[in-house]
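Subject: Structure handover

Hello,

Here is the structure we spoke about. My notes on what was found in it follow below.

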Amino acid sequence: MTRRSVLAATGVGATTALAGCIGGETNSGSGQNLETLSDIGENTAVSPTPTGSGTAPALERALEHATDGYDRASTSYGEQGNAINENQLDVGVGTLMNFSIVPSWLQQTASTVDDLRVLDVTDETEQAWNDDDRLLIQPAETGQIDNVDAPDEVPAPTFAYNFVSRADLEYDTVYTFLETLYEQKQELAEYNGVLATYEDEEFWIENMYDGVPFHDAAADFYEEIGIWGDEFERAGGSASGGATGDTNVRMRTSTSTTTAYTANQGMASAVNDGTDDLFVEAQTSQGTEANLGALDQEDAEMVYIQNWSAQEVQDGAGNYSALDFEMAQIVHFYDLPWFFIADGGN
């Protein structure tokens, strides 16, 4: 078993947004000319997000369709630029929040590496990705990133982050939350720019998870505003009650340094300003396992996860086999398309 496959098989782990470390000198910096993912070889040092991150298993799987092997490195997002310049890393990653917002750490990498390049994807790799039911592939316009040599658009393994709950969470709590958020949809961007996407009604149910039903209150709400789809399913099992003025809705995302957490704070503020029937509290978390554990122990009402993790929950993979509740979808939060970056001067 190769070092890469060992690391890819380590299972689901919880991590902070800037987890990982830079290892020692690698075999990188050997004059590799990387233009597409398929140019990656066994001596190419690649960090498909830090080892143990929630995104790593899916991006490692995506790489398996593009190349026969690589040297698995682990570099935090903010250290990628220095690692590339110091020949410790050949290929890192980039993303765009909701396909449009360039995160600060990617801007930093682009300013650190003189000739940063977004690697293209061959038609063969793109087809293999689309044929893989575990991957969500969507086009990302990487040409919009400043100081980067990039195709106008590349197919990107995409993570859809949605809020989920227990199916038996009180009906009125979920309905009041969604109704109030909807009433604030034109003002949400004033709380946090990431939330501007909620002005588009279709965004609320975009990239929802196959096989995961909607909470009863969410299903009714989306039917009432005219965006419910016939392909969606209802969870059932939710009782009336809950929105009494004393109700706390604890929403967990990730660590305090992440865009997800600050956007969740904006969402909580918007709902709290719009109703006295709920009090929403944005809470930090150490990752997907912690979030789902909080639902299992009823220590949170809503948590966010992504599509790869949702499938693992449905499959009862690893630690998720011990969860003792039915999961229900509430609302779409944001999307992260991922692509791979390298020094174009190699």
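Arg166, by contrast, counts as buried, because its relative accessibility is 13% and the cut-off for buried is under 20%.

Please keep in mind that this is a predicted model. The average pLDDT of the protein chain is 88, and 89% of the residues reach at least 70. The exception to note is residues 1-30, where the pLDDT is below 50; this stretch still has 63 contacts in the model beyond near neighbours in sequence. Where pLDDT is low, the predicted coordinates should not be read in detail.

Overall picture

The protein chain has 346 residues, and 56% of them count as buried. It contains 11 helices and 10 strands. Among contacts with a separation of 6 or more, 77% are between residues 24 or more positions apart. The accessible surface is about 14200 Å², and carbon and sulfur atoms account for 38% of that.

Cores

The largest nonpolar core is made of 89 residues, and Phe177, Leu178, Trp204, Tyr222 and Phe333 have the most contacts inside it. Strand 10 (residues 327-343) supplies the largest share of this core, with 10 residues. Both domain 1 (37-159 + 338-343) and domain 2 (160-335) contribute at least three residues to this core. Leaving aside residues up to four places away in sequence, Tyr222 touches Leu178, Trp204, Ile205, Phe214, Ile227, Trp228, Ile330 and Val331. There is also a second, separate core of 16 residues, including Val164, Leu292, Ala300 and Tyr320.

Helix 10

Leu292 belongs to helix 10 (residues 288-296), where it is buried along with Thr288, Asn291, Ala294, Leu295 and Asp296. Which elements cover these buried residues? Among them are strand 6, strand 7 (247-252), strand 9 (302-306), helix 11 (307-315) and strand 10. Just after helix 10, Glu298 has a positive phi of about 60 degrees.

Salt bridges

The structure has seven salt bridges. In one of them, Glu60 pairs with Arg72, with 3.0 Å between the closest N and O atoms. Glu60 is in helix 2 (residues 56-66) and Arg72 in strand 2 (residues 71-72), so this pair ties together parts 12 residues apart in sequence. Glu60 counts as buried at 4% relative accessibility, and Arg72 counts as buried at 1%.

Another salt bridge joins Arg234 and Asp220, whose closest N and O atoms are 2.8 Å apart. This pair links distant parts of the chain: Asp220 is in helix 8 (216-224), while Arg234 is 14 residues away in the loop between helix 8 and strand 7. Arg234 is partly exposed, its relative accessible area being 38%. Together with Glu223, Asp220 and Arg234 are linked in a network of salt bridges.

A loop residue

Where is Glu170? It lies in the loop between strand 6 (154-166) and helix 6 (171-183). Glu170 counts as partly exposed, at 35% relative accessibility. Its C-alpha atom is 9.5 Å from that of Asp216, although Glu170 and Asp216 are 46 residues apart along the chain.

Regards

Technical notes
Residues numbered from 1 in each chain as written. Predicted model: local features only at pLDDT ≥ 70, side-chain atom pairs only at ≥ 80, totals over all residues. Heavy atoms only, no water. Helix = DSSP H or I, 4+ residues; strand = E, 2+ residues; numbered from the N terminus. Buried < 20%, exposed > 50% of the residue type's maximum accessible area, 1.4 Å probe, protein only. Contact = heavy atoms within 4.5 Å. Areas by Shrake-Rupley, 256 points an atom, 1.4 Å probe, with all protein chains shown as cover. pLDDT = per-residue confidence, 0-100. Core = buried A, V, L, I, M, F, W, Y, C linked by side-chain atoms within 4.5 Å. Domains from an automatic or database assignment. Salt bridge = Lys/Arg side-chain N within 4 Å of Asp/Glu carboxyl O.
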